[in-house]
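Thanks for passing this one along. Here are my notes, in the order I would go through them with you.

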Amino acid sequence: MIASGISNKPNKAPLDRPLLIQLVLSVLFSFILIAAAGVFVIAGIYQFYSQGSAGQNVTQSFMLAGSLAFAGALVIPSAWYAWKHIAYPHAQRAEKPEPRRFGLILTLITLIGSGLALIIGNLVAQNDQIAWLILPPLNIIATGLPAIWVIYFGTRGLLPNIPRYKWGVFASGLVLGPLIILIIELAMLIGVGILAIVWIMLDPTLAPQFSGFLHQLQTMGTNPQAILNNLPTFLLNPGVLFIGFAFVAVLVPIVEETFKPIGVWFMAGRKITPAQGFGFGVLSGAGFGLFENLGNTSAGGESWALLAGSRISTLLLHSFTAGLVGWALAYAWSERRFLRLAVCFGIAILIHGLWNGMAILSTASSLEGLVPISLPTWLQTLATIATPGIFVLGLAVVIGFFLFNASLRQNLATAPLPAAENVNNAYPEAALPSPETSLPASTPGGPLTPPLQAAVDKPSSTVHELPLQTSPEIPPKKSETKP
């Protein structure tokens, strides 16, 4: 009697529910964004034939269409890689080495491409006859290239080369994070607006003016310039200014720093390392910053180039603070260091709040001369230093961004190499060398792959506790024996 051997055919992997959710949401959001882009294209065509190409609304419609279509296209890879792993869970990826001096090449492309897009766009934006056609692709170049640059330098050497995780986290920050944040901030804005109106009505000097302003709105219609000429009288009131400052500099940063790294929250069950937490946080924050920049620059106008150029620093700030929170989240999950999470979350809110606060102070200072209302002396002093303060804070964010990534990569490179023969056999996909995270074996001091780093961080962990498990362990084939 001969005992039957076990078949070499791999067992069917169980369905990964998070991957299925990623697939469904990615397809849904991509379809919604591209469909919305189509609606704006139709609206732009109608405005073009009814108003002519010189209308500002025509340019805005086509710019919104281009931005929405670009965002929708960026979500498609998340759906593709999720479906690919569900359909072929045991497929092995072909590793491609990173081209030599890729970082330098990318930097030059970003500087030259974005710079030319801003220069040409500044000229095009002055002419509405051609702005509707040329400005949308220039807007995508000017906002998209810096996002690629930030993602590369913020995540290099930190993340495993698993595309479905990278694109899934990025798509979460690009679409899902902004959607949640927008809903919450709109609800808060309504509450803050009601509070500001109550404050104005309780002020005996402003209440009559506000009543007259409401009466004038009926005759102004929808003329935005007439409304803006009357608003500074109420916006520069110290009480209203304090309410607006609290909303922009406190409430908004709290909400955004909580949901901006939403892609990291989805990785909670994957046992990611702190270095991976920072990398995934940068990915999610860059997605959020890119979507925000596309929305803010889609208005077009003669000042488009100035706005698009200034938004690059905001993109870097969003990526850095989200990476900081992601790093702290991974530490909290792996080592239960919740105090570190609270401190890092507070630092992210402080950086974001200072940025927004100085921006609103600078804006208030520029509005002061429009109405016969003077800001308090201490507020004038703060407004005076707001503009250079933004520059200094931006420089600090750039330095912190690069130093944080370099420090994490240095820690991975200097960690002792454990005996990991069984690691590669048990999890072949997770253990594949990544061109972003490992050097050739002959290179002394090369960074470790993520599973090996996890083994260093947790020397007592078993193979089944490694981060980013991607394929089941295949049992050894039993030998055939005769009785």
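The points below start with the model as a whole and then move to particular helices, loops and charged residues.

1. A word on the source. This is a predicted model, in which local features need pLDDT of at least 70 and side-chain atom pairs count only at pLDDT 80 or more, while totals for chains, interfaces and linings use all residues. Residues are numbered from 1 along each chain as its sequence is written, and side-chain values use heavy atoms, with hydrogens and water left out.

2. Overall make-up. The protein has 17 helices and zero strands; helices (H or I, at least four residues) and strands (E, at least two) are DSSP runs, numbered from the N terminus. Of its 483 residues, 45% are buried, where buried means under 20% relative accessible area, exposed over 50% and partly exposed in between (1.4 Å probe, protein chains only). Take the contacts (heavy atoms within 4.5 Å) between residues at least 6 apart in sequence: 81% of them join residues at least 24 apart.

3. Helix 4. Residues 128–155 form this helix of 28 residues, which reaches 40 Å from first C-alpha to last, close to the 40 Å expected at 1.5 Å a residue; the expected span is 1.5 Å times one less than the number of residues. There is a kink of about 45° at Ile-134, shortly before Pro-136, the bend being the angle between axes fitted to the seven residues ending at a residue and the seven starting there. Asn-127 caps the N-terminal end, with a side-chain oxygen 3.0 Å from the backbone nitrogen of Gln-129. Just after the helix, Gly-157 has a positive phi of about 75°.

4. Two arginines in loops. Most residues other than glycine have a negative phi. Arg-101, in the loop between helix 2 (56–87) and helix 3 (102–124), has a positive phi of about 55°. Arg-336 has a positive phi near 60° and lies in the loop between helix 12 (304–335) and helix 13 (338–367). Relative accessibility is 64% for Arg-101, which counts as exposed, and 58% for Arg-336, which also counts as exposed.

5. Salt bridges. How many does a search of the whole structure find? It finds three, a salt bridge being a side-chain nitrogen of Lys or Arg within 4 Å of a carboxyl oxygen of Asp or Glu. Arg-311 pairs with Glu-292, their closest N and O atoms 2.5 Å apart. Arg-311 is in helix 12 and Glu-292 in helix 11 (residues 274–297), so this pair ties together parts that are 19 residues apart in sequence. Lys-260 and Glu-257 meet at 2.7 Å, N to O; Lys-260 is buried at 0% relative accessibility, and Glu-257 is buried at 0% too. Glu-335 and Arg-337 form a salt bridge at 3.1 Å.

6. One to look at: Glu-256. This residue of helix 9 (residues 238–259) is buried yet has no salt bridge, and the nearest side chain of opposite charge, Lys-260, is 5.2 Å away. For the charge count, Lys and Arg are positive and Asp and Glu negative, with His and the chain ends not counted. Leaving out residues up to four places away in sequence, Glu-256 touches several others, including Glu-185, Glu-292, His-318 and His-352.

Definitions and conventions:
A polar contact is a pair of N or O atoms within 3.5 Å; within protein, one must be able to donate a hydrogen and the other to accept it, and residues adjacent in sequence count only if both atoms are side-chain atoms.
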